[in-house]
Amino acid sequence: MSQPPLFRPFTLRGITAKNRILISPMCQYSAVDGIASDWHLVHLGKFAQGGAGIVMVEATAVTANGRITHGDLGLWHDGQIKPLERIAAFLRDNGAVPAIQLAHAGRKASMQRPWYGNAALTAEDRARGDQPWPIVAPSPIPMEEGWLTPQELSEDELERLLDAWRAATLRAVEAGFEMLEVHCAHGYLLHSFLSPLSNMRTDQYGGDRAGRMRFPLQVIETVRAAWPDTLPLSVRVSSVDGVEGGIELADSVAFAREAKARGADIIDCSSGGLLGSATAARIPRGYGFQVPFAESIRREADVPTIAVGLILHPDQAEKVVEQGQADLVGIGREALFDPNWPLHAQLELTEADDQLFADWPKQYGWWLERREPGLRKLDGWKLPYRRG
Ligand SMILES: Cc1cc2nc3c(=O)[nH]c(=O)nc-3n(C[C@H](O)[C@H](O)[C@H](O)COP(=O)(O)O)c2cc1C
């Protein structure tokens, strides 16, 4: 029986994911001092038990002031390694490639946690204990009126930031991660260098496209040099800003080519987020609305891609891989709804009539396999997860 394309293994460098499903990084805003807790272990662990090929840890800050909120994870000091090491080991032991996204929030740092408003910190947040901190960016332009004004980064400070990316990468290696993603999307620091709307610099880090790409590409080079050759490196981009005068797809194709030349193995194709707090609010949304970006970047930059964004249904994901629009499919909120999404998708896409639960954790699959024949005899019972 042929395997559905979504469930064919995928190899990048020395790492093979058992299928094409990547659980997209999702901040939990629940860390204290950047340190992962049991919440993070259970949150991420569920997705490994649920059959994902790759599970990516949320945006993890390379410096303390590069956090989006007080609740972000970090890898800016050695004390943050151990709890992440436990998570990476759990993911690996349960069949998923442990991945982590490294990030710096730039001018979107020092924000409210989403459920307190998802905007600049208020007096109410300060009373709760969340004090604002000074933020940095390519240019001193606040996100929106009422937000903190960032301090423009000097060239010396950019050098020091490269050191922070290098050190965080080495900590991710020590924690046992097998895939790393550099966050160049959603209006955070590296995206704000790339976009002409947030980068007004007149030095070598601004101006034309080559200048605006310079610092993000230096970060990619720095991370690649510290990250083992055998392990894959992903770069997340906002494929388009969706705002007049902002990044367009041709810019992202050019960036993807340069990232690939510096050792990036795959491009994770998101969009938006430069203005406003939501990640992609400026882009019209429909099922799989970012898939065409992943398809174009894959074709035009000749690099593997990840498609993400409102991919909810197994046959939708299957088509993306089958038609060669992307190599991996990122599942975000639908995995919050159903952490077993990959296992459920497999049941839906596979024609088999027995051994339905062979790929489930044995602690669950053994029971479910034996429940099945009895279920089929029940009056009015219909398989909830099979086509037809
Ligand atoms: C709770 C939450 C947290 C998120 N945190 C991150 C993050 O840490 N890094 C990132 O690049 N994207 C983040 N995103 C965006 C997701 O990775 C994903 O690209 C987006 O939700 C679209 O996919 P979906 O429609 O499957 O949810 C987050 C999204 C959600 C819902």
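Sixteen is the place to begin: of the 16 residues around the ligand, Pro25, Gln101, Arg236, Leu310 and Arg333 come nearest. The model is a predicted one. Which atoms of the ligand sit 2.8 Å from a backbone N or O atom of cysteine 27? It is a nitrogen atom of the ligand that lies at this distance from cysteine 27. Arginine 236 contributes through its side chain: one of its polar atoms there lies 2.8 Å from a ligand oxygen atom. Glycine 332 uses its backbone, with a polar atom 2.9 Å from an oxygen atom of the ligand.

Now turn to charge pairing. Side chains of opposite charge can pair when their charged atoms come close. How many salt bridges does the structure hold? There are 20 salt bridges.

Start with arginine 201 and aspartate 203. They form a salt bridge, and their closest N and O atoms are 2.8 Å apart. Is arginine 201 buried or exposed? Arginine 201 is buried, because its relative accessible area is 6%, and buried means under 20%. Aspartate 203 has a relative accessible area of 25%, so this residue counts as partly exposed.

Next comes the pair of glutamate 221 and arginine 262. Their side chains meet in a salt bridge, at 3.1 Å from N to O. This pair links distant parts of the chain, 41 residues apart. Glutamate 221 belongs to helix 6 (residues 209–226). Arginine 262 sits in the loop between helix 7 (249–261) and strand 11 (266–270). Glutamate 221 is partly exposed, at 40% relative accessible area. Arginine 262 is partly exposed as well, with a relative accessibility of 25%.

Glutamate 300 has a relative accessible area of 39%, so it is partly exposed. Arginine 299 reaches 55% relative accessibility and therefore counts as exposed. Salt bridges also join into a network, which links Arg13, Arg224 and Asp265.

Rolling a probe the size of a water molecule over the atoms shows where empty space is left. How many cavities of 30 Å³ or more does a search of the whole structure find? The search finds five.

The largest cavity holds about 90 Å³ of space. Its lining includes Cys184, His191, Leu194, Arg209, Arg212 and Met213. Val237, Ser238, Ile247, Asp251, Ser252 and Phe255 also line the largest cavity. Helix 5 (189–194), helix 6, strand 10 (233–238) and helix 7 each give two or more residues to this lining. By class, the lining of the largest cavity has six nonpolar, three polar and three charged residues.

The second largest cavity has a volume of about 60 Å³. Among the residues that line it are Phe10, Leu12, Ile15, Ala17 and Ile54. Val97, Met179, Pro232 and Leu328 belong to the lining of the second largest cavity too. Strand 1 (10–12) and strand 2 (15–17) are the elements that give two or more residues to this lining. What classes of residue make up the lining of the second largest cavity? It has nine nonpolar residues, no polar and no charged ones.

Key. Residues numbered from 1 in each chain as written. Predicted model: local features only at pLDDT ≥ 70, side-chain atom pairs only at ≥ 80, totals over all residues. Heavy atoms only, no water. Salt bridge = Lys/Arg side-chain N within 4 Å of Asp/Glu carboxyl O. Buried < 20%, exposed > 50% of the residue type's maximum accessible area, 1.4 Å probe, protein only. Helix = DSSP H or I, 4+ residues; strand = E, 2+ residues; numbered from the N terminus. 1 Å grid on protein atoms, 1.4 Å probe; cavity = no way out; pocket = protein on both sides within 12 Å on 5 of 7 lines; lining within 4 Å. Points joined across faces, edges and corners; volume = space filled by probe spheres on them. Nonpolar A, V, L, I, M, F, W, Y, C, P; charged D, E, K, R; others polar. Near = heavy atom within 4 Å. Polar contact = N/O pair within 3.5 Å; in protein donor to acceptor, adjacent residues only side chain to side chain.
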